[in-house]
Amino acid sequence: MVDAYERHLRAERGLSPHTVRAYVGDVVSLLGHVHGLDVVGSGSPPVQGKLDLAGLRAWLAAQRTAGTGRTTLARRSAAARTFTAWAHRRGYLSSDPGARLVAPKRQRTLPSVLRQDQADDLMRASQSGAAERNAVAMRDHAIVELLYATGIRVSELCGLDVDDVDMDLRVVRVIGKGDKERTVPFGLPAQRAVRDWLTDGRPQLASANSPPALLIGVRGGRLQPSSVRRIVHDALKAVPGAPDLGPHGLRHTAATHLLEGGADLRSVQELLGHATLATTQLYTHVTVERLRAVHDQAHPRS
């Protein structure tokens, strides 16, 4: 049954491998709690009469007692609801207990972001390294420029092929969560960085066996998200006083600066590929916090 559910998540829901692993792991934990035995594999017993609302709540309570955070509990609640709905449709359950499960609210924290002057310093430092025409430096400059210019996810960046970038229109075609495609524009600085990389940098690293990936490593293979995280962390070390951010921090920064520049929420939602506007609204809190800090510092009656 778990195997069938995993195939459903991959083939029918189109979820990312990371999300599939998380959801399947949560379901294995849930069923193991309910049955008190190992339920991995297609030969697991049906859950009729064993998995109910009380069982779901007891499982979450055990997670909470073990110290699981609210964000993880919310994700595991979502995984449980997704599973029970599927099990009900397939006839494993006569009713869907997950439909009545109230999930704990996620603990929303304000993301750390760069100030605009810090973002400028980051791009200048990265550009100075690329000016040496070193292939790796040009690639790394293209990475930070694209992440900040587009706000795309690191997985989306690493998934880009050369043909996904339209240098004339200055847009990238991105395949996001759930295999949803969107088009994201970028500015002239990112255009120059990517063009330099494609013209002078990438040919130095590419081999006959290299994939059509936009970003490749020193051995010619597609660049991995872990490498991009290291590149961003290292690049930010050149900016005095800047927070230690990864690629997702540059995504937060891009969204915040767009809103500070006057972009509307719906446009930012579309650019970032958020499924709901509520996710995008988190960044309005960041901009309000910044305005409050400026007011406290500058207004005579603050």
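Helices α2 and α3 are roughly perpendicular to each other, a class that covers angles of 65 to 115 degrees, with under 35 degrees counted as roughly parallel, over 145 as roughly antiparallel and the rest as oblique. The model is predicted, so that local features need pLDDT of at least 70 and side-chain atom pairs count only at pLDDT 80 or more, whereas totals for chains, interfaces and linings use all residues. Residues are numbered from 1 along each chain as its sequence is written, and side-chain values use heavy atoms, with hydrogens and water left out.

The axes of α2 (residues 17-35) and α3 (residues 53-65) cross at roughly 110 degrees and come within 10 Å. Axes are lines fitted to C-alpha atoms, for helices over the stretch in contact, and angles run from 0 to 180 degrees between N-to-C directions. Helices are DSSP runs (H or I, at least four residues), numbered from the N terminus. Contact (heavy atoms within 4.5 Å) joins D26, S29, L30 and H33 of α2 to G55, L56, A58, W59, A62 and Q63 of α3. This contact has five nonpolar, four polar and one charged residues; Ala, Val, Leu, Ile, Met, Phe, Trp, Tyr, Cys and Pro count as nonpolar, Asp, Glu, Lys and Arg as charged, and the others, Gly among them, as polar.

Helix α2 also packs with α4, at an angle of about 80 degrees and with the axes 9 Å apart; α2 and α4 are therefore roughly perpendicular to each other. On the α2 side, A22, Y23, D26, V27, L30 and L31 meet R75, R76, A78, A79, A80, T82 and F83 of α4. The residues of this contact comprise nine nonpolar, one polar and three charged.

Helix α4 (residues 70-89) also contains T84. With 0% relative accessibility, T84 counts as buried (under 20% relative accessible area, with exposed over 50% and partly exposed in between; 1.4 Å probe, protein chains only). Beyond residues up to four places away in sequence, T84 touches L51, L56, L93, D96, P97 and G98. The backbone nitrogen of G98 is 3.4 Å from a polar atom of the T84 side chain.

Helices α6 (residues 135-150) and α8 (residues 188-205) pack at about 150 degrees, with axes 8 Å apart. That angle makes α6 roughly antiparallel to α8. By class, the contact of α6 with α8 has eleven nonpolar, three polar and four charged residues.

How values were computed. Helices (H or I, at least four residues) and strands (E, at least two) are DSSP runs, numbered from the N terminus. A polar contact is a pair of N or O atoms within 3.5 Å; within protein, one must be able to donate a hydrogen and the other to accept it, and residues adjacent in sequence count only if both atoms are side-chain atoms.
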